[in-house]
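Okay, thanks for coming, everyone. Let me put the structure up and talk you through a few spots.

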Amino acid sequence: MKIAVCAKAVPEQARRIDPETKRLDRSGEQTLNPFDANAVEEGLRLKGDAADAEVVLFSLGPERSLDALRKALAMGADRVVLVTDEAAAGSDLVASSYALARVLEREQAELVLFGQQANDSDGAVMWAAVADRLRRPLISQVAELTVSDGAVRGKRQTEFGYDVIEAPLPAVVAVSDAINEPRYPSLKGIMGAKKKPQETVSLSDLGVEGERAGESGSRTEVYALGEPPPRGETQRVEDDGSGAEKIVEFLLERKAL
Amino acid sequence: MKPSDFPPPFDVSEAVARPTDPEDERIEVGVAIVGAGPAGLACAIRLGQLLEEAPAIAERLGDVPVAVIEKGKQPGSHLLSGAVVNPRALQRLFAGRKRLDELPFYGVVEQESVYFLTRNRAARIPTPPTMKNHGNRVASLSELGRWLAAQAEEAGAMILPETAATKLLVEHGRVRGIRTGDKGRGRDGEELPNFEPGSDVLARVTVLAEGTQGHLTGAAIETFGLAGENPQVWALGVKEVWRVARPLRRVIHTMGWPLRAGAKYREFGGSFIYPMGDELLTLGMVVGLDYRDVELSVHDLLQELKTHPLVRKLLDGGERIAWGAKTIPEGGFLSLPKRLHAPGLLLAGDGPGFVNVPALKGIHYAIETGALAAEAAFAVLQRGEAVGRRGALASYDEAVKQSFVWRDLEQVRNMRQAFGRGFWLGGALAGAMTASHGKFPPGDARTEPDAEQELIRTGRARRYPAPDGKLTFDKLSSVFLSGNKTRDDAPNHLRVQTRVAPELAELWARMCPAQVYEPQDGRVEVTASNCVQCGAITAKGGRLTPPEGGSGPEYTLT
Amino acid sequence: MSTLVFLEHHEGELQKDSLGVLAKAAQLGGDVSALIAGSGVEGLAAQAGRFGAAKVYVADDPALEAPLPQPRVDVAADLVRRHGFETVLFGATVLTADVAAGLAARLDAGLNWDLVDLAQEDGKLVGKRPALDDTVYVDVGWKGEPRLALIRTGTFEPVESPAEPEVERVDVQLEDFSTLAKMIEQAHEESEGPSIEDADVIVAGGRGLGGPDNFALVEELAKALGGAVAATRAVVDAGWYPYSTQVGQTGKTVAPRLYIAVGISGAIQHKVGMQGSNVIVAINKDPNAPIFEYADLGVVGDLHEIIPKLTELVRQRKAA
């Protein structure tokens with residue numbers, strides 16, 4: 001079985017938005033999006049000891065993302081395919097999902113896994129867009145996953161309780177961070193990661209037209225950056241025996257009760 | 001009462017072992033370097049240069065001729081210094097390969113001032129000769145480390161971050177390599193579901209370049225009987241980086257306030273304020289850990305320093321963007337190990353104590369000793385000699401003794417000890433020593449371990465400013481700024497007795513810049529996940545051991 | 001402007017967040033329509049009218065029985081294509097996030113998510129999106145139409161505006177791949193109350209409680225409010241409460257509608273885990289506790305006095 005894991009390199013820390021480009025400043029150290037580590041772990045778990053199974057990492061980003069994505073190789077993923085192209089910078093959901101779908105089509109994995117969200121953009125939407133472009137069934141927020149008899153079954157939590165959803169392979173599954181505890185890469189794994197195949201492909205390799213990529217392929221834009229609104233007045237009262245009543249009054253006033 | 005009355009529950013034998021992994025699971029490398037700091041990376045870079053010229057030897061060293069084991073999240077994550085760097089060693093390391101202006105420096109020092117502070121005044125004093133920095137360069141050591149790591153990788157070294165070296169592997173009287181730490185243990189040491197055991201890393205030569213308070217360096221010194229004449233002593237430095245409204249154009253050092261001059265206090269130290277380009281500056285406070293007052297807190301002294309008119313006006317309209325803390329070995333020449341090698345082993349950088357206290361410098365010594373260690377290791381490998389033979393690596397000691405490192409340190413060998421006699425007398429002695437190149441006063445001065453100082457209490461904590469969140473800050477928000485996001489359910493890596501005299505509990509609580517220790521109901525509560533691994537606890541009666549690789553601060557600008 | 005609001009429903013009730021978004025759409029003006037997709041859902045159309053929909057499209061089909069996203073993408077895409085809606089809004093939930101993203105791909109339409117406000121500025125629709133742990137607010141927009149948006153939970157309150165909506169049944173034509181995922185089981189029991197990630201209300205306890213036994217105070221209040229219990233690192237460290245409930249830098253990040261901090265000093269390590277909460281109330285005996293700097297209401301006093309009383313008052317109010 002070929003398992004694709006879609007992953008992203010995100011800034012390690014000191015996150016800021018560049019006021020000029022209005023994009024996230026990606027100049028500092030990059031790391032594997034921690035939520036994607038859960039998807040990698042699940043892919044590795046499903047692969048198990050099967051010799052004919054393969055876990056392939058797919059990503060979009062600048063070439064130096066490879067340094068961060070290598071962590072997945074150190075954990076045990078077999079190879080990485082990175083779509084990297086100057087023209088892809090500034091891609092939004094529409095443009096990114098298009099490029100990602102094109103590279104996934106090329107590989108025809110039976111199972112495409114995503115993590116729960118990207119911790120830089122807080123986006124939690126990519127899988128649904130990719131599933132639609134690939135015309136494959138989708139199960140998201142999966143906290144328990146099993147694969148058998150050519151089908152995938154996922155248990156997940158929603159606002160209303162638990163769902164169990166099943167879909168035939170090939171399918172797209174997004175896992176929640178409750179699904180597992182990602183393994184630590186072993187030292188051997190870290191040392192071996194550099195030698196694993198790390199392929200970079202350009203948009204033209206995938207036949208992605210320029211107008212479908214980057215800012216010209218995007219349908220959203222950023223106008224301005226601002227300060228968060230002030231939290232409003234902070235009120236402080238000394239409890240004179242009526243503290244509890246005051247809290248209730250306040251909650252009613254703020255429609256929080 | 002002194003801290004050494006409550007020795008830490010730690011035995012050096014915990015840090016030394018034989019290889020235990022089955023033969024086929026051991027990781028074999030040519031040279032294993034512990035620590036991706038200036039010493040370790042200079043060693044890796046120099047080895048890369050030498051092996052490039054000698055491919056046959058590189059071939060013999062296997063798939064990984066040079067590995068650098070680093071406990072921080074990234075190279076640079078655990079690096080912190082002033083720092084004004086003397087470029088001498090870097091020039092030698094990169095001769096014919098890189099120009100100095102290609103290195104990540106914030107410019108050349110052109111102006112400098114030294115002040116003696118009182119509460120509200122600053123008196124400019126002549127710059128002591130050892131402190132002259134003209135032509136030196138300001139750097140963030142964390143940034144310099146990241147850059148050096150990239151050079152080392154380019155030179156063929158494999159850098160293994162997030163990996164702690166927890167044991168020195170010794171067999172038949174020689175060092176065989178190191179063992180890396182386990183990952184995924186719970187609070188009580190139990191194996192969590194994602195437990196990953198450490199590995200034996202075997203090497204022809206092991207270079208310990210662990211920096212201050214090196215865990216394996218200490219074990220090696222004890223195991224191989226390498227201790228020098230004097231015990232090592234340390235200082236604790238706490239620093240911040242600020243984005244400022246107006247550029248600072250000079251390097252500033254201060255002495256005096258908020259430290260006290262009396263001999264009974266043993267408060268030796270001062271502050272530094274360095275420009276980092278037009279937009280940033282860094283400032284820090286360094287205090288010798290032989291101090292006695294249980295209420296002394298270097299973090300809070302730094303906050304106090306910032307309220308001085310001289311400093312406040314530099315920061316006015318600015319914003320604090322980084323914070324960190326680290327100890328500095330201050331014993332100098334007389335505290336150096338009597339040998340810098342053992343069979344299969346070399347010691348470089350801050351670990352063995354190559355720091356010039358009066359000059360406030362050590363980075364160029366780290367780089368130089370790292371490069372010399374590389375040359376010594378290479379020479380032995382080139383000769384095809386049995387590396388484990390006693391004295392096979394002795395050429396390293398010779399090379400260090402011939403270098404400027406040795407000459408510099410010998411000249412200032414008694415300087416630090418003089419200040420144990422109080423600021424004024426110490427200052428006068430230091431001046432005399434400088435003028436006589438270390439010959440006056442005759443005879444070598446003794447030092448006592450920092451943990452042997454009797455504790456006193458003077459009520460100085462009352463004067464620490466309350467944090468206002470703008471100019472002055474509490475410890476927890478500072479730890480936050482260090483990028484420390486250590487897992488809370490990891491085992492405690494700080495070995496201290498938890499039932500100690502109340503004075504000692506208070507000493508630790510005040511001393512620790514990261515709010516790790518808290519006296520509570522007669523016990524010391526230890527919040528190990530706050531720890532930024534500065535090492536002060538080892539100086540004052542406890543023992544810092546390496547926590548899980550990848551934990552601790554994530555410095556980028558310090 | 002023509003706007004379509006996707007309305008989510010559960011057990012015969014339109015969801016409050018969906019109705020809040022509908023009310024906001026009505027306030028922004030233009031033609032506001034709503035889409036209800038499900039099986040046996042015709043009766044919900046009238047509810048939608050009460051909250052501002054002039055027209056309600058109802059896709060009623062057994063294939064839409066299970067709350068799965070892909071068939072709903074088909075229905076919404078069809079509707080948007082036929083009627084040319086300029087804007088499509090969703091109150092964000094597990095289901096609607098997948099519907100919105102699938103629709104964005106299907107229509108090559110811009111999707112902005114996690115919005116906490118929408119406004120017309122100089123004739124343009126502008127969304128506000130908090131970013132980087134809510135430390136920055138980004139004004140976002142769309143290039144071309146339709147414009148898709150997911151609105152953060154709890155952002156807009158439903159507003160009643162009695163109206164008789166025009167109801168239109170829409171044909172349900174599904175793509176072959178959209179029906180491959182099947183709901184096998186749906187369980188609605190929430191025996192242990194909501195988890196802290198999902199809870200609308202969180203009552204969190206800190207070291208000020210004085211001991212593990214006093215967590216009962218926090219638990220009682222949480223129960224009365226229908227919320228979840230959280231803890232600070234200090235008390236988790238001390239073994240008073242499990243790690244899974246820890247809020248803060250090295251625990252979970254939460255953003256409930258109401259966060260009540262009991263005996264919590266509120267160091268920055270805690271703050272970063274809960275500062276996105278809508279309303280923060282703090283009770284602490286130390287008037288200098290940092291939490292008072294960012295709590296909407298801070299009560300300086302003895303939590304052992306205040307909390308039991310508060311619990312009782314909340315219970316009375318819920319009973320009434």
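**A helix pair in chain B**

So, α8(B) passes α9(B) in a right-handed crossing, meaning the near helix is turned clockwise from the far one by less than a right angle. Quick housekeeping: this is a predicted model, where local features need pLDDT of at least 70, side-chain atom pairs count only at pLDDT 80 or more, and totals for chains, interfaces and linings use all residues. Residues are numbered from 1 along each chain as its sequence is written, with chains lettered from A and ligands numbered from 1 in the order in which they are written.

Back to the pair. Helices here are DSSP runs of H or I, at least four residues, and strands are E runs of at least two, numbered from the N terminus. Helix α8 of chain B covers residues 363-383, helix α9 of chain B covers 394-402, and they pack at about 145 degrees with axes 9 Å apart. Those axes are lines fitted to C-alpha atoms over the stretch in contact, and the angle runs from 0 to 180 degrees between N-to-C directions.

Who touches whom? On α8(B) we have B:Thr369, B:Leu372, B:Ala373, B:Glu375, B:Ala376 and B:Ala379, and they meet B:Ser395, B:Tyr396, B:Ala399 and B:Val400 of α9(B). Contact means C-beta atoms, placed from the backbone, within 7 Å.

Now the interface: 16 residues of chain B are in contact with 13 residues of chain A. On the chain B side, β8 (158-160), β11 (183-185) and β12 (191-196) each supply at least two residues, and β12(B) gives the most, with three.

Methods:
Contact = placed C-beta atoms within 7 Å.
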